[in-house]
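My notes follow, in the order I looked.

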Amino acid sequence: MAHHPGDLDLQYVEASGRTVAFRATGPSDGRPILLVHGWPQSSWAWRHQLVDLAQRGYRVIAPDLRGVGASSTYSSHSDYALRHHVGDLIALLDALGVERATWVGHDWGAPIVWAALRHHPERFSAAGSISTPYDTLEKGFEQVTAFVRRDVYPEDEYPAGQMDYYRFYSEDFAAAKSHFEADVPAFFTAILRGDAPHQEDVVWPTATVRRRGGWFDGGPAPRMEIDRTVIDDNDLRQFVEEYSRTGFFGTNSFYMNDDDNRAFVAEAGDSLITIPTLLIIGGHDYVNDAAYSDLAEPMRAACRNLDERVVGAAHWIHQERPEEVNNAIADLADRGAAWPLS
C-alpha cells in the first residue's frame with residue numbers, strides 16, 4: 001500500500017515546557033485513534049496506518065515519543081519511565097481537544113498504552129497491543145522472562161531466554177548506544193526485517209547478546225540489503241535522519257526503568273478490562289513469541305472483550321502486513337464507538 005510523505009508532515013504541541021511532535025491525518029471530526037510507537041521507531045512507523053485509516057474517516061494521531069524524532073529529549077534515564085510517556089500523551093490529547101480515543105501501541109508503545117489505561121481509563125474507548133501483550137513489559141524483565149519457553153531455552157544455558165538482550169542495556173548501556181550509533185543506516189537495515197516462518201524452535205540471536213558483547217558481536221551493525229517487505233529507501237532515510245539527530249539514548253532508556261515502571265503500574269493496581277481490546281501477534285515473531293508461548297495469558301485473563309489475531313509477519317507487523325493491521329484497528333475503533341461509556 002502506498003504512503004504519501006507529503007500528507008504526513010509533523011505538527012507540534014507545547015505542554016509544560018515540553019514539545020510533543022506528532023503526525024495527524026483524517027477529518028477533524030473523525031473518531032480518534034492514537035498510535036504509539038515502540039523501540040527503536042518514531043511516528044513514521046505508522047505511515048501505512050496514518051494514510052489508510054484516515055481515508056476510512058478516522059482521525060489518526062501518531063506522536064514521536066520523548067527522545068525520538070522532533071519531540072523533546074532528556075538526559076536522564078528516569079525521564080523515560082512509563083509515567084512520563086503517559087503524561088506526554090495525555091497532554092497531547094488535551095491540547096488536541098480529544099476526550100476519548102482508541103489507543104494502539106506496538107512494542108514498548110504497548111506498555112505505554114496499558115499504563116495509560118490503568119491511570120486514565122476515562123480517556124479510552126478501546127485499547128490494543130501489537131506484538132507486546134498487556135501485563136508484560138510494563139512489569140519489567142522478570143515478568144517477560146517468566147514466559148520463556150524452556151524447551152527451547154534451557155535455564156542453565158539461557159537463563160533469560162530470548163530476552164537476554166534486555167539485560168545488555170542495564171549492564172553496558174554505553175556500549176549498546178555506541179554500537180547502534182556507529183552506523184545508523186546499517187543498524188536500521190539490520191533491525192527492520194521480516195523473519196522466516198517455522199523458526200519457533202530455533203535459539204534466537206537475542207538470547208546470546210550479552211555473551212557476544214552486543215547485538216552485533218560487539219561492534220556496529222553489518223551492512224545488508226534493505227528488506228523491502230518492511231521498509232523502502234524513503235523509510236530508511238526517514239529513520240536514519242531522525243536517529244542521527246537524536247541518537248539512541250532515549251529509545252534505549254525504555255529498558256532502564258523497571259523499578260519505576262512497576263511502581264507506576266502498582267499505583268493503579270490490576271483490574272479486569274471491560275472495554276474492547278485487541279492483540280495482534282506476529283506468527284514469525286520469535287522474541288515477543290506469544291504465538292508459541294504463554295506470553296499473552298495475562299492479557300487473555302484480564303481482557304473481557306479481546307479480539308486476538310495472529311498475522312503471518314515478524315515483529316514489525318504494522319509495516320510488514322499493513323492491510324491486516326489496518327482492518328483490525330478499524331474493527332477495534334468501531335467496537336469502541338459502540339461500547340457504552342462508563
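Predicted model: local features only at pLDDT ≥ 70, side-chain atom pairs only at ≥ 80, totals over all residues.

Residues are numbered from 1 along each chain as its sequence is written, and side-chain values use heavy atoms, with hydrogens and water left out.

**Entry: Ser78**

What does Ser78 touch, not counting residues up to four places away in sequence? I found His84 and Asn257. Ser78 sits in the loop between strand E4 (59-63) and helix H2 (82-96). For elements I use DSSP runs numbered from the N terminus: helices (H or I) of at least four residues, strands (E) of at least two. My accessibility classes are buried for under 20% relative accessible area, exposed for over 50%, and partly exposed in between (1.4 Å probe, protein chains only). Ser78 comes out at 41%, so I logged it as partly exposed. I also checked Ser78 against Ala54: they are 24 residues apart along the chain, and their C-alpha atoms are separated by 35 Å.

**Entry: H2 and H10**

Next I looked at H2 with helix H10 (residues 258-268): the axes come within 8 Å and cross at roughly 60 degrees. Axes here are lines fitted to C-alpha atoms, for helices over the stretch in contact, and angles run from 0 to 180 degrees between N-to-C directions. Under 35 degrees counts as roughly parallel, over 145 as roughly antiparallel, 65 to 115 as roughly perpendicular, and the rest as oblique. H2 and H10 are therefore oblique to each other. On the H2 side I listed Leu82, Arg83 and Val86, which meet Asp260, Asn261, Ala263, Phe264 and Glu267 of H10. By class, this contact has four nonpolar, one polar and three charged residues. (Nonpolar is Ala, Val, Leu, Ile, Met, Phe, Trp, Tyr, Cys and Pro; charged is Asp, Glu, Lys and Arg; the others, Gly among them, are polar.)

**Entry: H5 and H6**

How do helix H5 (residues 164-171) and helix H6 (residues 173-181) pack? Their axes are 5 Å apart, at an angle of about 105 degrees. That makes H5 roughly perpendicular to H6. H5 brings Phe168, Tyr169 and Glu171 to the contact, and H6 brings Phe173, Ala175, Ala176, His179 and Phe180. I sorted the residues of this H5 and H6 contact into six nonpolar, one polar and one charged. The buried residues of H5 are Asp164, Tyr165, Tyr166, Phe168 and Tyr169. They pack against helix H4 (141-145), H6, helix H9 (249-252) and H10.

**Entry: the core**

Then I went to the largest nonpolar core, which has 113 residues. By that I mean a set of buried Ala, Val, Leu, Ile, Met, Phe, Trp, Tyr and Cys residues joined through side-chain atoms within 4.5 Å. Trp39, Trp103, Trp114, Tyr169, Phe187, Phe188 and Trp215 have the most contacts inside the core. Helix H3 (residues 109-119) gives the most to this core, with seven residues. I followed up Trp215, which touches residues including Trp39, Tyr169 and Phe180, leaving out those up to four places away in sequence.

Asp235 is in helix H8 (residues 233-246). Is Asp235 buried or exposed? It is buried, with a relative accessible area of 2%. Its side chain makes a polar contact with the side chain of Arg47 (3.0 Å). My rule for a polar contact is a pair of N or O atoms within 3.5 Å; within protein, one must be able to donate a hydrogen and the other to accept it, and residues adjacent in sequence count only if both atoms are side-chain atoms.

Thr208 is in the loop between helix H7 (184-191) and H8. At 14% relative accessibility, I counted Thr208 as buried. The side chains of Thr208 and Arg212 make a polar contact at 2.8 Å.

Most residues other than glycine have a negative phi, and most peptide bonds are trans. I flagged a cis peptide bond joining Trp39 and Pro40, with omega about -25 degrees. Pro40 is in the loop between strand E3 (32-36) and helix H1 (47-55).

Ser16 has a positive phi, near 55 degrees. Ser16 counts as exposed at 76% relative accessibility. Asp107 also has a phi near 55 degrees, but Asp107 counts as buried, at 6%.

Key: Contact = heavy atoms within 4.5 Å.
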